[in-house]
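Please read the points below with the structure open beside them. They are meant for someone who has not looked at this structure before.

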Amino acid sequence: YAVSGYNGYYDGTAHTIALNIATEGVSVTYATSEDGAYSATLPSFTEPGTYTVWFKLEKEDCETVTGSATVTITELGEIEYTVSGYSGYYDGEAHTIDLVATEGMVVNYAPSEDGAYRATLPRVTEPGMYTVWYKMEKENCETVTDSATVTNPELGEMEYTVSRYSV
């Protein structure tokens, strides 16, 4: 027989061991502890952690073989970053958000959460309030999707009257 465990990052799917048996007529049972209750159901695991799967190989007129393999699911790392929007009066210049992230990060931007994300950081040149969505991805880290705002209001006009003042 050949057995292999699993070692990987959390991905939300179930993982287990792989057991290949070359001999015909062998019955296999599994447990999550060596002296636990064995059954024909192969245990699988989804959440981060380290798990041991025990197995028994039994065949008539043969010695029972007991073994184990490990399933290790590592929690995804967190992406560290800072982001700030822009707020200032319209001045005809291009403005955008400021995003600083850890090395190795892939950052893409979009005008809406479910819009088409692109690597080019959008720049606002017209007055108004604009939301810039960003998606940050890094291997073995949880993807971050969020937004920041560029606020660029036009200066208003003020009406006034000049009166003559004398002393």
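1. Strand β2 and strand β6 (residues 65–74) run parallel and are joined by four bridges; strands count as paired when DSSP finds at least two bridges between them. Strands here are DSSP runs (E, at least two residues), numbered from the N terminus. Within this pair, asparagine 7 stands opposite threonine 72 in β6.

2. Some ground rules apply. This is a predicted model, in which local features need pLDDT of at least 70 and side-chain atom pairs count only at pLDDT 80 or more, while totals for chains, interfaces and linings use all residues. Residues are numbered from 1 along each chain as its sequence is written, and side-chain values use heavy atoms, with hydrogens and water left out.

3. Which strands make up the open sheet, and in what order? The order is β2-β6-β5-β4, four strands with mixed pairing. At its edges lie β2 (6–9) and β4 (27–31), each of which pairs on one side only. On average, neighbouring strands of this sheet are turned by 20 degrees against each other, direction ignored (axes are lines fitted to C-alpha atoms, and angles run from 0 to 180 degrees between N-to-C directions).

4. β10 and β11 are antiparallel, with five bridges, and valine 107 stands opposite methionine 136 in β11. β11 also runs antiparallel to β12, through nine bridges; here tryptophan 133 faces serine 147 in β12. β11 and β12 form a hairpin with six residues between them, and asparagine 140 in the turn has a positive phi of about 65 degrees.

5. The largest nonpolar core has 14 residues, of which Ile79, Ile97, Val107, Tyr109, Tyr134 and Met136 touch the most other members. At least two residues of this core come from each of β10 (106–110), β11 (128–137) and β12 (144–152). Such a core is a set of buried Ala, Val, Leu, Ile, Met, Phe, Trp, Tyr and Cys residues joined through side-chain atoms within 4.5 Å. A second, separate core of 11 residues includes Ile17, Leu19, Val28 and Leu57.

6. Beyond its neighbours within four places in sequence, tyrosine 109 has contacts that include Ile97, Tyr117, Leu121, Val132 and Tyr134 (contact: heavy atoms within 4.5 Å).

7. How many disulfides does a search of the whole structure find? It finds zero, a disulfide being a pair of cysteine sulfur atoms within 2.5 Å. Cysteine 62 counts as partly exposed because its relative accessibility is 48%. Cysteine 141, at 17%, counts as buried. Buried means under 20% relative accessible area, exposed over 50%, and partly exposed in between (1.4 Å probe, protein chains only).
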